[in-house]
Amino acid sequence: MEIATIASAPIAGQKPGTSGLRKRTRVFMEPHYLENYVQSIFDGIGGVAGKTLVVGGDGRYFNDRAAQVILRMMAANGAAKAIVGQGAILSTPAASHLIRLRGTDGGLILSASHNPGGEDADFGLKYNTPNGGPAPEAVTDRIFAATQAIGEYRIAVAQDVDLSTVGTTRLGDMEVEVVDPVSDYAALMERLFDFEAIRALFAGGFTMRFDAMHAVTGPYAREILEGRLGAAPGTVVNATPLPDFGGGHPDPNPTWAKELYDLLMGEGGPDFGAASDGDGDRNMVLGRGAYVSPSDSLAVLTAHATKAPGYRGGLKGVARSMPTSAAVDRVAEALGIGCYETPTGWKFFGNLLDAGRATLCGEESFGTGSDHVREKDGLWAVLLWLNILAATGQSVKALLEAHWRTFGRNYYSRHDYEDVESEKANALYDGLRAKLAALPGQAFAGLTVESADEFAYDDPVDGSRSERQGLRIGFQGGSRAVFRLSGTGTVGATLRVYLERVETDPAGLSREAGEALADVARAADEIAGIRAHTGREGPDVVT
Ligand code: G6P
Ligand code: ZN
């Protein structure tokens, strides 16, 4: 096999964000762009000679060609083996599982998650470590340093590997094993959940709609829900993955999965609704007439997890990202288990999961998961919900309302201001940071500030410290506003404002979230000057 060593030079901006490197697809397609980054990953992890890596992605535009480049570069860099999903497809949780199952040296996941796909949309690439989780900052820092020092990359001069059929082939000295992307993952789900009980639920007439949003979970959901659990054919909609996700925005929330949301909120919808994102790690869950906020979902799943066989022995602890509501905290307290608050980004859960301190984790950004893999897992959350519904015989709405009566309700909403000019967003954010110390005692929109700080996290497992992880403002009475700038965007800045208010009065549990949070939203705007800085009258997306 001929190996070409290509002279190259650092390309600015190849800094991994919250979840790997995400850029416009056309940027990734520029000469040397992908190659430089792949070589930098290899250099940043100490080379890939003799190593085995899992490779797969969410099927978006450029996924197939990028996978071939990665394979040629792995071969040229001396890798022993690549385990690749058929057609270069693997959902992010399935990739995480495969990395762990086969004891590999990690994996490369091609995805920009919930960002739109296509030649004029977004692409992404991230490295996951041997524990199956996204690389921690120490590793991504080394990768970034390698992008700034690169002088050449190595690539095999070879034809494309046939990834269309399951089986083993070679690329030079490297073995390439093409695997069915669904089967190992589906087997794992069968071990964790009571498939018999869920089958009985569907057989009894329970109805569901799963919106795969033309993204990677289509084949997984079809096989598991319709194939193994007996949900009616057609339960999974938009089930064929498309390179541009059908022109949609594959993000499972009330805005982007509006049709599903409206169906469940209206009359005559199915009993249960769910959706997942581009790469299959996010989830949205709905019951008839009941939207389950991600923060509430984590709390309810924590309260009922032991109804699923995989969690029968109890939970070791739970973890949530800082902007996620504190609903789960009270469940953890009642269960007498540990509860951790981490910065945004699934990678921060990795150490807690590895150390056996947490079993379930969740984020307000529609992510829920457990120690079965080291990524959040959309279908896993859906199956745990189904298991709980089957075990209790209750509706989603009844479960949620019972939960609020027991633990109180954390009204919660996130307001996103998207594609704000970076200077304006930074001015707002830095301005707010500068006045945090002066805020306690002041009143805004009738709410008095009790505390204001910038969140920093000390990892209890490895002692590492992560600073500048969001600005939090606590009000008297337990309401809260949190400000962050998104770390996953590809253009401009996205300002996220997270609003929360705790209600324990049984008479006040069924208000509309927007109305219950109106004063917190007003106070947040007054404090940070959102409208003044951004020129926007309101948020672009409310979840
Ligand atoms: C990805 C990460 C999550 C994170 C989310 C939002 O999905 O995996 O862990 O919560 O992005 O990140 P952002 O920085 O855009 O708020
Ligand atoms: Zn995702």
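Two strands are said to pair if DSSP finds at least two bridges between them. In this predicted model, strand β8 (residues 167–171) and strand β9 pair in the antiparallel sense over 5 bridges. Within that pairing, Gly167 stands opposite Val178 in β9. The hairpin of β8 and β9 has 2 residues between the strands, and Gly172 takes a positive phi near 60° in this hairpin. Strand β9 (residues 174–179) also pairs with strand β4 (residues 81–89), here in the parallel sense and over 5 bridges. In this second pairing, Lys81 is found opposite Glu175 of β9. Strands of a sheet pair through backbone hydrogen bonds, either parallel or antiparallel.

The domain assignment divides the chain into domain 1 (2–179), domain 2 (185–407) and domain 3 (409–542). Between the C-alpha centres of domain 2 and domain 3 there is a distance of 26 Å. Their contact draws on 18 residues from domain 2 and 19 residues from domain 3. On the side of domain 2 that touches domain 3, α12 (350–354) and α14 (396–407) each supply at least two residues. The residues of this side comprise 9 nonpolar, 7 polar and 2 charged.

The largest nonpolar core contains 132 residues, and Leu71, Met74 and Ala82 have the most contacts inside it. Helix α13 (residues 378–392) makes the greatest contribution to this core, with 11 residues. Domain 1 (2–179) and domain 2 (185–407) both give residues to the core, which therefore lies between them. When residues up to four places away in sequence are not counted, Met74 touches Val48, Leu53, Ala79, Ala82 and Met174. Another core, of 34 residues, lies apart from the one described above; Tyr411, Tyr412, Phe475 and Val520 are among its members.

An open sheet is formed by 4 strands in the order β16-β15-β17-β18, with mixed pairing. Its edge strands, β16 (338–342) and β18 (367–370), each pair on one side only. From one strand to the next, the twist averages 15°. Strand β15 (residues 317–321) and strand β17 (residues 360–363) pair in the parallel sense over 3 bridges. The bridge partner of Ala319 in β17 is Cys361.

Helix α10 (residues 294–304) touches β15, β17 and β18, and its direction makes about 165° with that of β17. Helix α11 (residues 327–335) touches β15, β16 and β17, its direction making about 155° with that of β16. In α10, 11 of the 11 residues are buried, so this helix is largely enclosed by the rest of the structure. The buried residues of α10 include Pro294, Leu298, Val300, Leu301 and His304.

The C-alpha atoms of Pro233 and Leu447 are separated by 51 Å, the two residues being 214 residues apart along the chain.

Note on methods:
Residues numbered from 1 in each chain as written. Chains lettered and ligands numbered in written order. Predicted model: local features only at pLDDT ≥ 70, side-chain atom pairs only at ≥ 80, totals over all residues. Core = buried A, V, L, I, M, F, W, Y, C linked by C-beta atoms within 7 Å. Buried ≥ 20, exposed ≤ 12 C-beta atoms within 10 Å, placed from the backbone. Domains from an automatic or database assignment. Contact = placed C-beta atoms within 7 Å. Nonpolar A, V, L, I, M, F, W, Y, C, P; charged D, E, K, R; others polar. Axes fitted to C-alpha atoms, helices over the stretch in contact; angles between N-to-C directions.
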